[in-house]
Amino acid sequence: MRKGPTDTGAPQSYDHVHKSLKHDSADKHVSGTATYIDDMVEPRGTLHAVPGWDRSNVRGRILSMDLGEVEACPGVVKVLTSMDIPGKNDCSAAFGGDPVLAEDELLFFGQVLFVVIATTREAARKAARKAKIEISPITPLITVEDAVSADLTVLPDYQFRRGSPETGFTASDQVQTGVFHIGGQEHFYLEGQVAMAVPQEDGGMHVYTSTQHPSEVQHTVAKVLGVADARVIAEVRRMGGGFGGKESQANQWAALAALGSQATGQAVKIRLDRDDDMIMTGKRHDFRVEWKIGHNAEGLIRAVDMQFLARCGYSADLSLGVCDRTMFHADSSYFYPDVVIHNRRMKTDTCSNTAFRGFGGPQGMIAAERMIDAIAIKLGKDPLDVRKLNFYNGERNVTPYGMPVEEHDVLHDVVAKLEESSDYWARREAVRAFNAKSPVLKKGLALTPVKFGISFTLKHLNQAGALVHLYTDGSVHLNHGGTEMGQGLYQKVAQVVAEEFGVSMDKVVITATSTEKVPNTAPTAASSGCDLNAMAAKKAASVIKQRLVDFVCERHQCDADAVSFRNNSVLIGDLSLPLSEVANAAHQERIHLSDAGFYSTPGITWDRDSASGRPFLYFAYGASCAEVVVDTMTGEMEVERVDLLHDVGHSINPALDMGQVEGGFVQGMGWLTTEELVWDESGKLRTHAPSTYKIPTASDIPEDFRVELYESKGNPQDTIYRSKAVGEPPVMLANSVFCAITDAVASIVPGHIPDLNAPATPENIMKAVHAMRQKAAAQRAGG
């Protein structure tokens with residue numbers, strides 16, 4: 001059941017914004033006519049690239065690579081190694097250490113050693129298997145524990161600290177400790193990693209790339225080819241999903257296509273097989289969390305000590321920002337009076353973990369919820385009561401990193417409304433009654449909050465540009481630095497521009513994101529795509545509009561207040577003129593009808609070195625109530641009902657936002673229940689296909705699924721039409737499912753905390769159930 005207000009409480013009526021208009025490519029999506037990179041018409045003579053790698057070894061020194069048989073295969077045009085790179089052999093986002101092609105060492109299982117360029121993709125795939133590679137093995141470090149024992153990190157340790165946790169623990173009535181393992185997650189975008197490079201004159205390169213960060217691809221390709229950034233164009237019209245997996249990870253494949261194109265003088269396309277994609281690319285960071293919490297007899301938190309040990313992989317990639325955001329969200333929605341939150345970025349001989357929807361925030365929040373559940377179970381209280389007791393409020397409203405929580409009243413209101421609409425307390429009694437009579441099937445219920453910070457914590461990324469042209473026929477050309485990966489960003493920005501000019505949606509022509517049009521862009525990430533790019537586009541449109549207003553006022557001798565734009569017309573008092581007529585007249589008077597808009601997020605003052613300032617413009621809030629049933633004989637689990645209530649401010653497009661809430665929840669549920677990444681003892685990833693890696697299917701979605709947008713008063717910050725970001729926060733609504741499973745298992749032996757790790761697969765549930773039964777047996781034996 002979906003329930004979304006058409007204007008989410010917006011105080012003013014608009015023609016296009018706050019309206020549930022369909023996605024700009026909706027018809028193309030359902031008819032199969034949306035053009036992705038692999039659907040593009042290939043230039044004549046296009047060649048195909050396939051990465052070559054060693055399927056036997058995980059880590060070691062490269063002694064030799066005999067590529068003779070590869071080169072001799074039918075259709076092979078070139079075989080490239082690191083020796084063929086004219087520029088710098090690096091595709092990292094920031095810190096280096098990510099070779100495009102391996103040099104002297106094999107750093108992880110699946111690392112690309114060479115690339116085959118052939119006349120067909122099939123010919124290149126067959127040839128890549130013919131290499132004779134000799135490796136001198138080195139024992140790999142696979143787990144976080146391996147890296148801790150070796151004391152190896154990719155970046156320095158970092159922490160937040162407030163007050164004296166040591167004193168706080170001493171003053172606490174009770175202190176609890178635990179270790180919680182949080183698994184990673186494969187992005188599993190429908191469109192895999194893909195790029196096509198087309199050579200240009202004077203050493204230039206046009207790269208069509210499935211990326212969330214065209215400017216970074218541009219910079220990487222230029223760096224690898226040894227040319228200026230201005231010689232490279234990176235372009236993307238749409239992606240078939242990204243989820244963070246195409247923020248930095250797209251760099252390598254674009255660079256390989258460009259290398260092949262430079263070496264052959266032909267267009268070169270690369271598209272990874274699903275298995276190769278899953279083996280070679282980074283995942284959501286998995287963590288070992290060592291926690292300690294002190295509280296009073298009522299469950300009020302007094303002190304917290306959290307140690308997050310992240311498996312980062314062989315290089316830093318984006319681990320600085322990801323792990324920082326884990327720390328930023330380790331409070332979830334709760335006030336910690338005395339606290340230390342520490343993080344170590346551990347180096348392992350696995351693929352480098354990377355951005356994933358939520359960017360570390362989900363891991364921090366689920367760790368906080370584990371501690372809240374522990375308090376409630378230990379004290380015999382309902383977890384919702386303990387959660388509400390510890391929420392930020394008027395007197396306790398400063399985060400561990402020093403930022404005030406200004407909208408804590410929204411947090412309380414969202415939870416209270418869902419508590420009522422989900423009939424939480426009646427269902428709690430029903431769950432207790434069911435469990436008392438059912439020895440095998442156990443039900444669980446949980447209502448959890450979401451408080452997610454919106455902005456890039458790396459300050460300079462909080463900027464965006466847009467290019468808007470108004471043509472003399474009244475049509476509008478729209479371009480900006482944001483990328484479309486199915487979330488509806490292009491549609492939302494187009495609605496904003498149509499509103500500004502007072503034109504119908506068909507007058508706004510959306511064009512592919514290109515570094516040729518808008519330079520030096522930030523990635524479409526951190527849920528900030530609409531906040532940044534829609535504001536930049538609105539500014540550009542406003543400038544053009546103001547030029548027309550000034551022109552009309554001079555020509556018609558009227559005040560600006562008499563001029564308005566609506567229904568493809570310019571209204572001047574009682575006079576209505578087609579916008580095309582006004583635009584054409586302005587053009588005749590040599591008035592510029594184009595503008596490059598720019599926006600930078602105000603008020604971001606975070607200084608990482610001193611761990612002080614304001615990292616976020618605002619928080620997005622939500623709440624979720626989940627009810628599950630667990631079979632304690634098999635570990636199987638079913639989500640029976642879910643109620644979601646999410647804060648999107650004054651939504652620009654409620655239908656699109658509802659889709660993000662639903663999809664984010666299901667993806668989060670997959671991360672916490674079914675999606676398990678398994679490396680064997682040698683360090684090889686074994687879950688690299690849908691046969692072994694289980695994303696949620698239609699049958700996993702709860703039959704009773706109730707989703708509603710919160711009736712907001714609007715974002716108190718001056719965001720685009722007072723809306724709030726919605727891309728990442730809904731992922732954490734799925735915390736309620738994991739907490740409900742915890743609640744179900746905890747009912748086996750009241751007062752004991754289940755040792756349940758994420759994801760809560762049937763195997764992990766059974767381990768927790770067996771441990772609880774052993775505790776029950778020990779109690780009976782001692783009693």
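## The second largest pocket

The lining of the second largest pocket divides into 10 nonpolar, 6 polar and 11 charged residues, where Ala, Val, Leu, Ile, Met, Phe, Trp, Tyr, Cys and Pro count as nonpolar, Asp, Glu, Lys and Arg as charged, and the others, Gly among them, as polar. This is a predicted model, in which local features need pLDDT of at least 70 and side-chain atom pairs count only at pLDDT 80 or more, while totals for chains, interfaces and linings use all residues. Residues are numbered from 1 along each chain as its sequence is written, and side-chain values use heavy atoms, with hydrogens and water left out.

Of the 27 lining residues, His181, Asp286, Arg311, Glu676 and Leu677 lie nearest the centre of the pocket. A pocket here is an open set of points on a 1 Å grid over the protein atoms alone, where a 1.4 Å probe fits, with protein on both sides within 12 Å along at least five of seven lines, and lining residues have an atom within 4 Å of a point.

Strand 12 (residues 232-236) runs antiparallel to strand 21 and is joined to strand 21 by 2 bridges, and Glu235 stands opposite Ser514 in strand 21.

How values were computed. Two strands pair if DSSP finds at least two bridges between them. Helices (H or I, at least four residues) and strands (E, at least two) are DSSP runs, numbered from the N terminus.
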